[in-house]
There are 2 protein chains.
Amino acid sequence: MSPTTLRTLAAARSCAFAVPALATPTTSIGAGHSVIASRHASRASSSAPPPGAFLRLNADHVTSIASLLSAPSSSLLTTISTSDSSIPTADASDLESFNTDWMNKYKGQSPLVVKPKSTKEVADVVNYCYEHGIAVVPQGGNTGLVGGGVPVHDEVVINLSNLNNIRSFDEVSGTLVCDAGCVLEVLDNHVGEKGYMMPLDLGAKGSCHIGGNVATNAGGLRFLRYGSLHGNVLGLEVVLPDGRILDGLSTLRKDNTGFDLKQLFIGSEGSIGLITGVSIVTPRRPAAFNVSVFGLNSFEAVQKLFPKVKASLGEILSAFEFFDAHAMSLVKGHATAGVKDPFEAAHPFYVLIETGGSNKDHDDEKLSALLEELIEDEWVDDGVLAENTTQISQLWALRESIPEAAGKAGRVYKYDLSMPVEKMNELVEEMRSRFESKGILGADKMFSSVVGYGHIGDGNLHINIVAKEYSDEAEREIEPFIYEWTSNVNGSISAEHGLGRMKAEKIGYSKSDESIRIMQDLKKLFDPKGIFNPHKYLPGA
Amino acid sequence: MSPTTLRTLAAARSCAFAVPALATPTTSIGAGHSVIASRHASRASSSAPPPGAFLRLNADHVTSIASLLSAPSSSLLTTISTSDSSIPTADASDLESFNTDWMNKYKGQSPLVVKPKSTKEVADVVNYCYEHGIAVVPQGGNTGLVGGGVPVHDEVVINLSNLNNIRSFDEVSGTLVCDAGCVLEVLDNHVGEKGYMMPLDLGAKGSCHIGGNVATNAGGLRFLRYGSLHGNVLGLEVVLPDGRILDGLSTLRKDNTGFDLKQLFIGSEGSIGLITGVSIVTPRRPAAFNVSVFGLNSFEAVQKLFPKVKASLGEILSAFEFFDAHAMSLVKGHATAGVKDPFEAAHPFYVLIETGGSNKDHDDEKLSALLEELIEDEWVDDGVLAENTTQISQLWALRESIPEAAGKAGRVYKYDLSMPVEKMNELVEEMRSRFESKGILGADKMFSSVVGYGHIGDGNLHINIVAKEYSDEAEREIEPFIYEWTSNVNGSISAEHGLGRMKAEKIGYSKSDESIRIMQDLKKLFDPKGIFNPHKYLPGA
C-alpha cells in the first residue's frame, strides 16, 4: 500500500482526518481487559520543614552582596531597607514570582533575589553566602514540578535569567555552548536556523532554562530518540557552594581523563552546585515528521506493538506513546479546543507514533508498509494518519490534553512513575480493583476515574487519579501503596520530575539505604555547610 | 543518479570495485596543503611508582581468601604455598597472563589471582582485602591500552572472567542485564539474535569484557551514531572498596531520584569500585549497511563535507572517518592482506562514510542522491562505493589497517587526542613543520613519517609518528609539546583509552587543578585506604 492509497482510502471514510481502511481483526491479542495506566506528580505537603541554622539576612549583608554586582539596580530585588540609596527597597509583591512556584503550590519568603550578570558575579555572591552561612536557592525558569526552585523559608534566590548569552555554536559538530539562563525555545530556534535542534523538548520550553533542564535532568518528548542529558551534555560550568568555579565547559565528545564530574551535576537539582554554563551536542533537525494513532484492544497488544514498530521504523521512530479509553473519554468529555476523537468506535487503548527523518518519501514509504502489515496481520483495530502539520498537532493534542482534561474532571492525584513496560498494566489494574473492592470508584464516589497514559518507549507510566476532592483520606487510599508497588518492581517514584521539596523524604522507595548514604556523603563533600537548596532532594538535607 | 547508474558507471572503470564517475573539480575548497592528522597511545614509562603501604600477602591470607570462594581450585591461582592441600601452588608463569598487559608493556608481580563466581564472592574477597589493607586490581578481558588492568607491584588481581552470565534481555525495551565478565562479542551475538546490537563495537570485542568497557568508558566504532556509555548504561552493580555491594542494576530508562551514582563508575577505571553487573540499552540492529570512500584535496574540504553528509544522510549516518595521504601511502607500502587502494590517483585526504538503516533501498537512494551532488558540486575529487559486504570490509580495512602498517614502518609514537574538529589539522601541521625546521623528518631521519587519521564525527584525532627507534630524545621532540598544544585548545590527552598507569600523572594537561582536587576527594570518599588500583588514574593515587 503506497502512502497515496492509504490516504485515498482514508479520505473515503467519514473520520476527522485520514483513516486507513483498517480491517477488523477476528482475534484479539491478550485478554482485552480495560486496563488503565497513567501518571502523576504527588500532591505537595503544605507544611515546610523547620529552618536550618542559617544566618538571617540584614541590611549589611544586602549592601555587601550589592557591592559584588556590576549593576545592582537591575540585578537585585530586596525587601530589606539599606542605607545605600542605590539599592531601592522592594515590596514583598515584587518578589512574589520568585518566591512562588508556577503551580502556586510551594511558597517561600526570601527577602532577596539576586540576578547576576556573569559567572563571576554568581561565584562572588555564592562565596559571600558561604562565608556567612547564608542559604541560597538556585533558580532557573521556575517551571519545575516538585518545588525545587523556590525557597522553603528565607533563602537567597539566585536567579539565572540575566545570564542568557549564547556563547558559541559549531555548525560542523553541532555543539552549542551557552549560559545556563538561556530559554530552551530560544536555543532551539537558534540552532534550528542552522539545521539542528535541541535534543530535548518540553511543554515548558518557552520559559524553562537550559541550566534548569540540566539540573533536573529533564526528559521530555525527544527522549526516546535522542536519549538522556547524561549522553548529550558535553560540559558544564558550575559554581560550587563555596564559590569556586568548576570550569568544565568542554566541547569534546570524547574525554577519558578522570571522573566525568559533570555527570554528578546533571540531575543534582541545585544541591551541590549552581550551573552557569552548558555545552551540549545537538542532533540534525529531521526534514519530515509523520504522526499516526492506532486503536488497540488490550495492553498486551500495545506492548507487542512496540518492538514491531521499532523493528519496522528503525531509525526514524521518534515517539511511541499510549493512552487508555478512560483518558480518551476524559478528553472527549472535557473538550479542549481543537481536540477531536478521529475514530468511529471506542478502543480500550490507543497508541501514538511519530517518525522524524531526513527524507519524507522514504519515511512515508516505511510508515505505509508498516500500516499495511499492522492492518493485514491484525496488530491494531483501527488507525489514522495525519496528512499535514495541522493534523499532526491535532493527533498530538489527544495525548497532550489528557492532564488538562483530568484537571477539569476533578482534583487530580498525579503520579510520574518509571517501571518495566510489562508492569505498567498490572499497577493500574491493581489500583482500580483496589478502589472497586472498597466501593470507592464510580460516578459519585471518592474517585471518579483512574486514567493511564505514558511513554511506552521510555517505560514512563503516568497515572492520573481523579478525585472528588483532595483529602488525607483519599491520599491514604493511594499512598504509600502506589510507592510500595513501584518499589517492589524496582521502579522509580520520579521518572523525570525530580525530588525537590516534594519527594526528598520519599527517595527510599527507589534507592537503597546504601545509595542514599553515598548521596548524603557526596552532598557533604561538595556542600559541607549545607547552604545549597536546603530542605530538598535528600532526607535530612 | 540511481544506485544502479552509479554502479554501472563504476563497473566501466578499472578500479578494484565500484567507482562512481566523479567529475574532476576545477576549483578546490581550502588551501590544499597536505595536512596530516593522526592518533596514538603514549609510550609507557617502564619505571613503576614505589609500592604503597599495603600489606604483603602471606599463606594465611591466601587460605582465608580461599575460604570465601565456593570452588577455590577453579577460582584461585597463587604462587604462595599454603598448608591447605586443596589450594595448589602455581608457577609464576601460570600467573603471567594476568600480570602482563596484552601489549607486553606493563608487568606486575601479583602472587594471587582470584576469579570469583558470584558478586557475593567478589564482595567477600574485597571486604577481606579492605580489612587487611591489601591492594587489589580489578581485571576484565585485559585488553586495555594504558596499563590500567594489571598490577603495578603485588596487588591481588580480581579477574572477572568467571562472572559471565547473561541475566536477562527484554525484547520489548531492548534492555540487557548481564554480569560484568561477559565478553562484548558474546553479548552482541546474543542480542543480535533478537534483532538488536550492542551500542558499542571495538577491535577487541572478542576478548574485552562489558565491565571493562564500562570501567574505561570505551568509545569505539559506533560512538558517532549511538553515543557514549554515559547515555546507554542504565544501571550498574558495583562492589565498593570496603566490600559493600551497591545494587544499582536498574533497567529503567528514566529515574530522577537523587544523584545518578552509576555515572561516577563509568570511566572510573577500577579506582573507586569494581563493576560486577551491567544493565544497558541496546539499539535495533540496522538491516542494511553501505560504505563509501572519497578522495579530497584539503582538510578544509574534509571539514566542510562532514555537516553536508550529516544533513543529507541524517539518521542513517553511522561513521565519518578520515585519513591522510601519508596514511594511505603507509597502507600501500606495507600491504596488509586484502587491502587495496581503490583510487587511480592519490589524494591528500580520504573520508570513509558508513550508513546503517532499516531499509536498504531507501539508504541506497539517499546515498546516491548525496554522491551525485558531491560530484556535481565538486565537494570531493573522487569516490568509491562498496557493492557488497566483502567490499565493505575492504574499504573499512583501508582505515583500520593504518596502525598495523605504521607498526611495520618503524617504531610508532601514538597519540589519542580529542579536540575541536577545526583544530585537528593545525596540530598535525605544526608537528610536521616543527620536525622539518629541525631537519629531523625524512627517509633517514629521526622520524620518517607523521600520519593522521581519526573520527571526524567524534572530534577524535589519531596521530602516529613513525620513528627509527624509541628514544628519550625522540620522545622529547614530541612531548610535552603535543600535550601542551592539546591542552591549549581545551582538548583531551585521552579521548578513549583512559589514564591507567600510563597517563595518571598527565591528567593536568586536560583537567584543571580544581577538577583534579575534586577527583582526589571522591577517590578518598569511596576508597579511604586507597586499596583499589593504586598508582593509577590520578596523581598521587
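Q: In which loop of chain B does Glu479(B) lie?
A: This is a predicted model, in which local features need pLDDT of at least 70, side-chain atom pairs count only at pLDDT 80 or more, and totals for chains, interfaces and linings use all residues. Residues are numbered from 1 along each chain as its sequence is written, chains are lettered from A and ligands numbered from 1 in the order in which they are written, and side-chain values use heavy atoms, with hydrogens and water left out. Helices are DSSP runs (H or I, at least four residues), numbered from the N terminus. Glu479(B) lies in the loop between helix H17 (472–478) and helix H18 (481–488).

Q: Is Glu479(B) buried or exposed?
A: A residue is buried under 20% relative accessible area, exposed over 50% and partly exposed in between (1.4 Å probe, protein chains only). Because its relative accessible area is 10%, Glu479(B) is buried.

Q: Which side chain is joined to that of Glu479(B) by a polar contact of 2.7 Å?
A: A polar contact is a pair of N or O atoms within 3.5 Å; within protein, one must be able to donate a hydrogen and the other to accept it, and residues adjacent in sequence count only if both atoms are side-chain atoms. The side chain of Glu479(B) has such a contact with Lys506(B)'s side chain at 3.5 Å. The contact of 2.7 Å is with the side chain of Tyr415(B).

Q: How far apart do the C-alpha centres of domain 2 and domain 3 of chain A lie?
A: Domain bounds come from an automatic or database domain assignment. In chain A, domain 2 covers 59–159 and domain 3 covers 166–281. Their C-alpha centres are separated by 24 Å.

Technical notes
Helices (H or I, at least four residues) and strands (E, at least two) are DSSP runs, numbered from the N terminus.
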